[in-house]
Amino acid sequence: MKYDITITKTANPQPKPTDESKLGFGKIFTDHMFIMEYSAEKGWHDARIVPFGPIPTHPASTVFHYGAEIFEGMKAYRAVDGSIRLFRPMENVKRLNKSAERICLPLLDEEGALDAITKLVELEQDWIPHNEGTSLYIRPFIYGNDPHLGVHAVHNAVFVIICSPVGAYYASGLKPVKIAIENEDVRAVRGGTGYAKCGGNYAASMRAGQRAEEKGYAQVLWLDGVERKYIEEVGAMNVMFKIGGKIVTPMLSGSILPGITRKSCIELLKDWGYEVEERLFSVDELFEACEKGELEEAWGTGTAAVVSPIGHLFYNGKDYTVSNNEIGPLTQKLYDNLTGIQWGKIEENKGWSVKI
Ligand SMILES: *Cc1c(COP(=O)(O)O)cnc(C)c1O
């Protein structure tokens, strides 16, 4: 079921950025946004695309006090054949609904949500940058909006989609990052909201991220919340290791975000004949592999960076170098294939690259 979307175009279109090398991430936004409200009585209603701008919100709104917020992150790509493409967009829509279910926000009609994303991107297509590696980042989000302080399941909510032209993540090639393993703070626990893409998980992760940055590390590698022993994910990316020819990645235990890039990498790796183990993987086992010289490559996976090679791992006062602090051949191959599919340089028969 598609939502009935009305479109009001802006009277003041903004100039598109001229220097695409300075785009960065999420700093500028396109001319329009999608917005739709939910109420227990009316369901989702008033779907509309309107000029981009502030959303007046009641000071008692649920989102401000109880963190009722979930989001998605996806991209529209200007493919080499001139078409505009999304990458496995239905996966994002389905995950948005799974996140909604976890924190009691109203679910969306999947076909309707994908149609809203597509209509907005279609309208904003001139904002998709042209340089190699650039794209239009799409941020759909839902928040609870009941105008009173009582704690209960949400009766009013808002679904919004905004878009931001973003620069190439790797302006000067895929550079390995330094990762600090966090053994104090935890991001999520099983039974909590770790598998949901919700703002609250990010609030919990800020402090460790800041501490790692102060020590010169780009991101945090999270350990499980119970034993501080099993590897979960890195920052806002899933993580994979190549050990003695096999691929090991933490299993989806409930506290880990089920990344679409993770899933896609696993599918590609299996296609290429690799054994992929999704299982509990302890930090001790990781460093045993390091010491035996069996850790060949390590990388993070996520929509923003696609894959991010790990060059250093810091744990308990020691810094380990991974694959000579260089990008490994398999990490590079994953990057080339995924970006090849996303930008339509590689034809695939999986239906991942969706033209709009
Ligand atoms: C979004 C996200 C990821 C990556 O998911 P993708 O679907 O691959 O972009 C991983 N971890 C966290 C915590 C995230 O929020």
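Q: How do the residues lining the second largest pocket divide into nonpolar, polar and charged?
A: This is a predicted model, so let's just count by class. Six of the lining residues are charged and seven are polar. The remaining class, nonpolar, has 14.

Q: Which residues sit closest to the centre of that second largest pocket?
A: The pocket has a volume of about 530 Å³, and 27 residues line it. The ones closest to its centre are Glu 132, Gly 133, Ala 168, Tyr 169 and Trp 343.

Q: Which element gives the most to the lining of the second largest pocket?
A: Two elements, β5 (74-78) and α7 (329-342), each supply at least two lining residues. The biggest contribution is three residues, and it comes from α7.

Q: Where does the second largest pocket lie relative to domain 1 and domain 2?
A: Look at who supplies the lining: domain 1 (6-166) gives residues, and domain 2 (177-342) does too. Because both contribute, the pocket lies between them.

Q: What is the volume of the largest pocket?
A: Its lining takes at least three residues from each of domain 1 (6-166) and domain 2 (177-342). By class, that lining splits into 17 nonpolar, 14 polar and eight charged residues. The volume comes out at about 950 Å³.

Q: Which element provides the largest share of the lining of the largest pocket?
A: There are 39 lining residues, with Tyr 202 and Gln 219 among those closest to the centre. Elements giving two or more residues include β7 (135-144), α4 (199-214) and α5 (260-271). The largest share is eight residues, and it belongs to α4.

Methods. Residues numbered from 1 in each chain as written. Predicted model: local features only at pLDDT ≥ 70, side-chain atom pairs only at ≥ 80, totals over all residues. Heavy atoms only, no water. 1 Å grid on protein atoms, 1.4 Å probe; cavity = no way out; pocket = protein on both sides within 12 Å on 5 of 7 lines; lining within 4 Å. Points joined across faces, edges and corners; volume = space filled by probe spheres on them. Helix = DSSP H or I, 4+ residues; strand = E, 2+ residues; numbered from the N terminus. Nonpolar A, V, L, I, M, F, W, Y, C, P; charged D, E, K, R; others polar. Domains from an automatic or database assignment.
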